[in-house]
Amino acid sequence: MSFRNIWPMSALPLILLACHGARAADNTSELDYYQDFPVVLSASRLYQPQSEAPNAMTVIDRKMIVASGFRTIPDLFKLVPGMYVSYYKGSQAFVSYHGATDQYARRMQVMIDGRSVYLPPVSMVSWANLPITVDDIERIEVIRGPSAASHGANSTQGVISIITRDAGAATGRRVSVTRGSKGINDVSARFGSAGEKFDYRMTLAYTADNGYDDLTTNPNNISGGVSLLNNSHDSNQARLLNYRADYHPNSADRFDLQFGFNHDVQGVGFNDRNPSPIFPTLTNANTLHDLFSNSGFLQLGWIRLLENNAELNVRYSHLRQDQHESLSYFESGTFVPGPILQYLKTARDEVEAQHTLPLSVSNRLVYGAAYRADHINAQGSIPLAPPVYASSFNTNEYRVFAHDEWRITPQLLLNTGAMFERNGMGHERTSPRVALNFHFTPRHTLRMGTSVAYRTPSLVEERYPIDRYLALRALYPARASAMRLLYLPGALFVSSKSVTSPNLRPEKMVSQEIGYLGEFPDWATSLDLRVFRDQLNDGIYIASTNVFTNGMSAVYNGLETTLKHSFDKGGELTVNFAHELASSNGPALLASGQRTFRPARPEIADILSGSTPRNSASLLYSQRVADTFSFSTAYYYQDSMQPFDRGFLDYQPIQRRVDVRIAKEFRDTGSIKGEVALVVQNLFDQGYTEYIANNLFNRRGYVTLTVNW
Amino acid sequence: MRVLLGAICLLCLAELSWAAEALRVSVVLSDSNAPYQTFAKSFQQNLPAGIHVHVLERPEDFSGDAQDTDLVVTVGVKAAELVSANTRLPILAAMIPSSKYAELSEKHARPLSAIFIDQPWARQISLLQAALPGHHKVSVLHSSDTRTDITGLRKKLTERGYKPVFKALRSNATLYADLEEAMENSDVLFAIPDNAIYNSGNIRNILLSTYRRRIPLIGLSQAYVNAGALYAIFSTPEQLAAQSSKAAVAFAKSAKLSEPQYPELYTIAVNQEVARTLGLNISSAELLHMQVEQASGGTR
């Protein structure tokens with residue numbers, strides 16, 4: 001008698017039943033058909049299709065991220081029509097829409113997994129300090145145009161929503177090493193696991209590069225001695241980790257836990273203001289030095305599935321960023337070992353609750369409320385009297401919002417929504433939006449929409465430390481010209497302790513657009529086209545009295561398009577194009593004595609118009625050759641422009657750049673898989689300069705080796 | 001709305017004339033859970049008076065030499081296995097996979113017929129053609145020792161112009177890696193009954209993986225569609241019970257078991273919300289049902 005047969009027959013089914021979860025594969029039964037499953041793709045999991053979005057939306061997915069070859073997040077936005085991506089220093093990116101801004105791109109909302117990382121207290125997104133790598137990103141949705149109704153304040157130009165990989169989307173282990181020219185040196189390790197009730201992933205990474213190339217000849221054919229030469233000190237080293245866990249103990253509840261940390265060291269400062277034999281008495285309060293940043297976050301989310309596909313979503317997040325710097329300086333030609341010491345600490349706590357409620361088969365309401373508290377603590381010291389200046393305060397804001405999606409008929413979708421907010425300065429504003437999407441056939445959609453959004457005045461604008469300058473000038477009248485630089489030294493912004501521009505109101509953007517989305521399956525092509533008119537009112541600028549004030553108005557008219565085409569042999573092409581015209585009341589303000597609006601070049605009458613590239617385009621093509629070999633190439637174009645607040649030296653001529661990526665996968669190596677990829681950026685070495693002319697971008701290349709097991 | 005039920009056209013069995021002598025049927029359920037109870041209730045409701053039904057909720061309680069039984073209707077695999085090993089009475093094995101029928105009929109010699117739970121490949125492919133006409137790269141992930149007739153599936157898919165990718169699971173630990181590989185050159189993932197892969201512990205991450213790649217999953221039941229599969233074609237316990245009643249009536253008349261049958265009645269469910277977010281323009285469940293009926297000329 002075999003061992004198997006000693007079991008009484010009647011016991012066998014019990015054993016089978018007990019082992020149901022791990023049954024041998026050949027035991028298919030009716031249970032495969034009648035087993036119960038939890039709802040996985042619930043409302044919060046499902047992406048909104050572009051044809052149903054109330055705004056123009058560009059999606060950058062993983063395939064595009066890989067094909068682009070980019071190793072920093074801001075560069076990815078070069079793949080969005082009408083987006084301006086540039087750098088103040090090698091790692092201080094700013095991303096804006098509707099042309100250049102100053103170094104603080106204040107009008108875009110940026111979110112990571114729903115958590116706003118735009119810090120109004122410091123008026124910017126610290127891209128280099130985000131505790132995620134490009135490889136942690138699953139997808140990016142960029143809303144072109146204001147979207148306050150669903151994304152909160154500060155989305156006057158648009159919203160960047162970064163969605164990181166799910167906790168369960170990175171199973172196994174992965175190590176990646178990148179080496180390249182210009183000091184490019186990245187290492188990352190990632191591991192994770194997906195289980196029945198608990199998934200997690202973790203990334204540890206080090207990224208480093210030496211920033212831009214040194215400008216060694218005059219930029220833009222400008223003759224004469226140019227101080228910007230050999231002026232780039234903009235290396236960056238970041239050490240970061242992030243962790244994401246998803247706990248789903250039952251079919252109704254899901255808990256999301258995330259935390260991350262980034263320690264970053266950036267080379268900052270400029271040496272062109274150092275005293276020289278030609279200019280022996282210069283003052284430089286921002287000499288070459290390092291800026292140290294520690295930033296971290298914690299996010300807790302709870303999603304509960306309710307009856308009838310309703311959902312409750314509660315999220316809490318805590319963000320903090322501590323930065324400090326120490327530098328010596330030159331005052332009127334004299335070296336002062338100093339040092340100047342500055343630190344800037346910001347922290348944020350935010351809680352948001354949202355209820356998604358299907359009212360009927362064709363109508364869904366999303367509403368909720370959020371509360372946010374920001375804390376700022378900044379201090380500087382300088383070997384002058386008074387030696388210490390500091391600023392410490394809290395702001396609190398709340399908002400309530402509601403958004404309704406009503407499918408009036410299968411062809412007609414009406415999106416209406418509004419947000420009411422009370423910002424940190426006590427301003428109360430309501431931002432409404434309405435959009436109608438008409439699917440005149442299932443594959444062709446026309447969209448018409450209008451929306452209003454407001455931007456809270458930033459810390460730089462509200463508490464510009466002009467009082468510190470006036471105090472220093474009064475104390476040292478003979479050294480007034482040096483004080484003009486010493487009151488705001490280094491790279492960190494230590495605001496005034498009191499409000500110096502007390503009458504500021506939020507900026508207002510009114511946007512109108514008509515969009516078309518078409519799919520042409522016979523040609524494997526899709527087209528996204530829109531024309532828009534965005535009107536900025538109450539725009540904030542620095543007046544000649546050194547006080548920030550409302551009063552700038554601007555109109556942006558433009559056309560944007562994205563075309564996607566799939567070729568027979570697996571090639572994928574994306575082409576983006578934007579044509580934009582901007583005009584403002586800058587010339588009138590200049591005539592009334594506002595020097596901010598003085599053009600840097602004689603041919604430019606309106607500085608806003610001059611800082612908006614008339615045409616810009618990008619093209620990305622990727623192709624899989626054979627089974628394990630892939631090739632992609634990208635082309636970027638931007639018309640010439642004069643950055644808004646820069647001098648004539650910083651004129652940006654036409655930018656053209658070609659990048660290529662080739663990769664070879666290794667699969668047939670047992671359980672270990674790998675890939676070697678070579679990326680060459682600016683292949684034809686069409687050296688161009690960025691926002692500041694000493695940011696010269698020459699050809700660079702890097703090789704990445706990735707191993708998965 | 002997420003769920004659209006396909007037409008459930010119940011046959012009007014009452015119209016069948018009843019001339020045979022009284023038949024004694026033992027219905028043996030695999031378990032006392034909902035699908036089996038529903039089957040038992042529905043089976044009895046569909047029978048004419050004169051057929052006596054005795055329901056056993058535990059297959060262990062069935063006695064192989066039952067003198068008071070003319071026909072045993074087993075419901076589910078467990079009942080079919082136990083009963084077929086213990087009796088020489090004629091058996092109608094309802095709600096079992098076609099692969100299991102082949103195994104049972106080889107093992108024991110006795111009159112045995114079946115009402116399968118799985119849909120014929122041809123019907124499933126007709127639905128695939130109707131629902132996703134542009135999708136030709138079908139991937140199928142399966143255990144290496146699966147009993148499901150994947151050779152038949154591959155053959156049928158190829159015949160109908162598809163480019164199927166079959167990927168065998170290397171081990172439980174490599175599920176997600178194998179899934180990713182299976183989906184690499186595919187535009188739809190076709191689920192087959194395979195508990196090592198499609199179980200309640202894995203379904204969440206399988207669905208999330210397919211959704212990340214924007215690849216629809218074709219499921220096996222309403223539960224798959226509720227969870228996030230694009231659509232499923234399946235037979236409910238009521239539908240299988242109606243067909244089983246019909247087979248029992250036929251047996252009462254002829255004293256012979258009919259040939260094993262695939263389900264005559266089936267339901268199609270579509271998750272329109274998932275379709276929309278994947279950018280797929282998919283017909284309603286009712287329309288798809290009509291198209292499948294037309295394409296397969298009725299039941300096959």
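Colleague: At what angle do the axes of helix H1 and helix H9 of chain B cross?
Modeller: Keep in mind that this is a predicted model. The axes of H1(B), residues 34–45, and H9(B), residues 237–254, cross at roughly 40 degrees and come within 8 Å.

Colleague: Parallel or oblique, what do you call H1(B) and H9(B)?
Modeller: Oblique. Angles under 35 degrees would count as roughly parallel, and the angle here is roughly 40 degrees, so H1(B) and H9(B) are oblique to each other.

Colleague: Is the crossing of H1(B) and H9(B) left-handed or right-handed?
Modeller: H1(B) and H9(B) make a right-handed crossing.

Colleague: How about helix H4 and helix H5 of chain B, at what angle do they pack?
Modeller: H4(B) covers residues 121–131 and H5(B) covers residues 150–159; they pack at about 45 degrees, and their axes are 10 Å apart. That angle makes H4(B) oblique to H5(B). Their crossing is right-handed.

Colleague: How far apart are Lys163(B) and Trp121(B)?
Modeller: In sequence, 42 residues; in space, 15 Å from C-alpha to C-alpha.

Colleague: Stepping back, which domains is chain B divided into?
Modeller: Domain 1 takes 3–117 + 236–254, and domain 2 takes 121–233 + 267–296. The C-alpha centres of these two domains of chain B are 30 Å apart.

Colleague: Which residues of H11(B) are buried?
Modeller: Ala285(B), Leu288(B), His289(B), Val292(B) and Ser296(B). These residues cover an arc of only 105 degrees around the axis, which means they are on the same side of H11(B).

Colleague: Switching to chain A. What kind of peptide bond joins Gly338(A) and Pro339(A)?
Modeller: A cis one, with omega about -5 degrees. Pro339(A) belongs to strand E15 (residues 334–360) of chain A.

Colleague: What is phi of Asp113(A)?
Modeller: Near 50 degrees, a positive value in a residue other than glycine. Asp113(A) is in the loop between strand E4 (108–112) and strand E5 (115–116) of chain A.

Colleague: Asp113(A), buried or exposed?
Modeller: Buried: the cut-off is under 20% relative accessible area, and Asp113(A) has 13%.

Colleague: And Asn308(A), what is its phi?
Modeller: Phi of Asn308(A) is near 55 degrees, a positive value in a residue that is not glycine. Asn308(A) is in the loop between strand E13 (289–305) and strand E14 (311–331) of chain A. With 63% relative accessibility, Asn308(A) counts as exposed.

Technical notes:
Residues numbered from 1 in each chain as written. Chains lettered and ligands numbered in written order. Predicted model: local features only at pLDDT ≥ 70, side-chain atom pairs only at ≥ 80, totals over all residues. Heavy atoms only, no water. Domains from an automatic or database assignment. Buried < 20%, exposed > 50% of the residue type's maximum accessible area, 1.4 Å probe, protein only. Helix = DSSP H or I, 4+ residues; strand = E, 2+ residues; numbered from the N terminus. Arc of directions from axis to C-beta. Axes fitted to C-alpha atoms, helices over the stretch in contact; angles between N-to-C directions. Parallel < 35°, antiparallel > 145°, perpendicular 65-115°, else oblique. Left-handed = near helix turned anticlockwise from the far one by under 90°.
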